[in-house]
Every structure is written in C-alpha cells, then in structure tokens.
Amino acid sequence: MPTRKHIRLQGYNYSQEGAYFVTVCTMNRVELFGKIDTSDVVTLKLSSYGKIVDEAILEMADHYDSLSLDKYIVMPNHIHMILFFDEGQKMKSQRPMTALLPTAIAALKRITNKRAGRSLWQASYHDHIIRDEKGYLTVWSYIDTNPQRWADDEYYSAEG
C-alpha cells in the first residue's frame, strides 16, 4: 500500500490564532458546483450543489465562536476560503487533528454531503498558513480573480 502523504504542517498548533487559506476539491475534481460563464462578465453560475456549498460556507462562522470567514469562492470543482481563528476562543488540544481547522472542514463536508444526498468531496483538503499581510493580499487577490483565470487553473479540465 502506498504511504499517505501528511499535508498538515507537522508540529504546528492549528488551534492557535491565525489566518488560513483553505482549498477543498470535489471527489475526482468533477465539476459539480456550477459553470464559469465567460459570455459577458466572467461569473460562476452555481448549480444546486454549488448553492448548497455556498450556503453552508456562509453558515460556518455561526457554529464556531472562534472562526470568521474573510473571503471565499465556490468554483466548479473546488472552493477557496480565508478563515480567521481568534485565540480568545482557543481550543484546548494541541494536536492538529483535533484542532478547529480540521474540525470545521470536516463539518462543512459532512453538512454539504448530507444536504446534497451524496458524497461531494475528496478525502482531504489543502491549507496554507497566512503569515503576513503580503501573503494575505496575495491569497485574497488569488481568490478574487479565480473565475477569470479558470481555463489556466490547476483544477480546470476541458472535459468539465
């Protein structure tokens, strides 16, 4: 059996205050959440699954006192989010797998799967710790311009 790659930063306390850039892909990167419309102004036309995901993302902060959603986008086969965690509500555990970030992402996946009536997501997700203002602005701009760059996106497939 192949060894599964650990994508969390080893030794990092994911329950501490900070900003995180999170990307979660659909299972097999299938375009379930909608289509990019380039006919006039570039926009994403959300599918029923995309609307479920959009609604659940907006509800995330309601379920966790220490979490706030700064920016996000639902793309055809993935989502990007900037999440902030407030140290005033720090979780007790220092272990990354029981910290708030993986807990919140797992809950988002579970809720959207249940509402959709099917499994939507790949097994894991990608996170990046935003360490300074320059990194934050880079990620913010990346999310903001993601639909315009869809054909060049690493998650894009011409087959759709």
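Author: Two residues are in contact when heavy atoms of theirs lie within 4.5 Å. Among contacts in the protein between residues at least 6 apart in sequence, those that join residues at least 24 apart make up 67%. The model is predicted: local features need pLDDT of at least 70 and side-chain atom pairs pLDDT 80 or more, whereas totals for chains, interfaces and linings use all residues. Residues are numbered from 1 along each chain as its sequence is written, and side-chain values use heavy atoms, with hydrogens and water left out.

The protein has three helices and six strands, taken as DSSP runs numbered from the N terminus (helices H or I, at least four residues; strands E, at least two). Along the sequence they follow the pattern β-β-β-α-β-β-α-β-α. Of the 160 residues in the protein, 42% are buried; buried means under 20% relative accessible area, exposed over 50%, and partly exposed in between, with a 1.4 Å probe and protein chains only.

Neighbours within four places in sequence aside, Met81 is in contact with Tyr20, Phe21 and Val22, with Ile57 and Met60, with Leu69, Lys71 and Tyr72, with Ile105 and Leu108, and with Ile143.

The helix α2 deserves attention of its own. Its buried residues are Leu100, Leu101, Pro102, Ala104, Ile105, Ala107, Leu108, Lys109, Thr112 and Ala116. These buried residues pack against the strands β1, β4, β5 and β6 and against the helix α1 (48-63). After α2 comes Gly117, with a positive phi near 75°.

One of the contacts of Met81 is Lys71, which belongs to strand β4 (residues 67-74). Lys71 counts as buried because its relative accessible area is 15%. Residues up to four places away in sequence not being counted, Lys71 touches His80, Met81, Ile82, Trp140, Ile143 and Asp144. Two of these partners can be described further. With the side chain of Asp144, the side chain of Lys71 makes a polar contact at 3.2 Å; the term denotes N or O atoms within 3.5 Å, where within protein one must be able to donate a hydrogen and the other to accept it, and residues adjacent in sequence count only through side-chain atoms on both sides. Lys71 also lies over the face of Trp140, 3.9 Å from the ring centre (NZ of Lys or CZ of Arg within 6 Å of the centre and within 35 degrees of the ring normal).

Rings of Phe, Tyr and Trp (its six-membered ring) pair if their centres lie within 6.5 Å; planes under 30 degrees apart are stacked, over 60 edge-to-face, and the rest tilted. The pair of Phe33 and Trp121 is tilted because its planes stand at 55°, with the ring centres 5.2 Å apart. This pair links distant parts of the chain, 88 residues apart: Phe33 is in the loop between β1 (18-25) and β2 (34-37), Trp121 in the loop between α2 (100-116) and β6 (126-130). Both Phe33 and Trp121 are buried. Another tilted pair is formed by Phe84 and Tyr136, at 6.1 Å centre to centre and 45° between the planes. Here too distant parts are linked, 52 residues apart: Phe84 is in strand β5 (residues 78-85) and Tyr136 in helix α3 (residues 133-145). Phe84 is partly exposed, with a relative accessible area of 29%.

The loop that holds Phe33 has two further residues of note. Asn28, in the loop between β1 and β2, has a positive phi of about 60° although it is not a glycine. Asn28 is exposed, at 68% relative accessible area. Arg29, also placed in the loop between β1 and β2, is likewise not a glycine and has a positive phi, near 55°. Arg29 is partly exposed, its relative accessible area being 39%.
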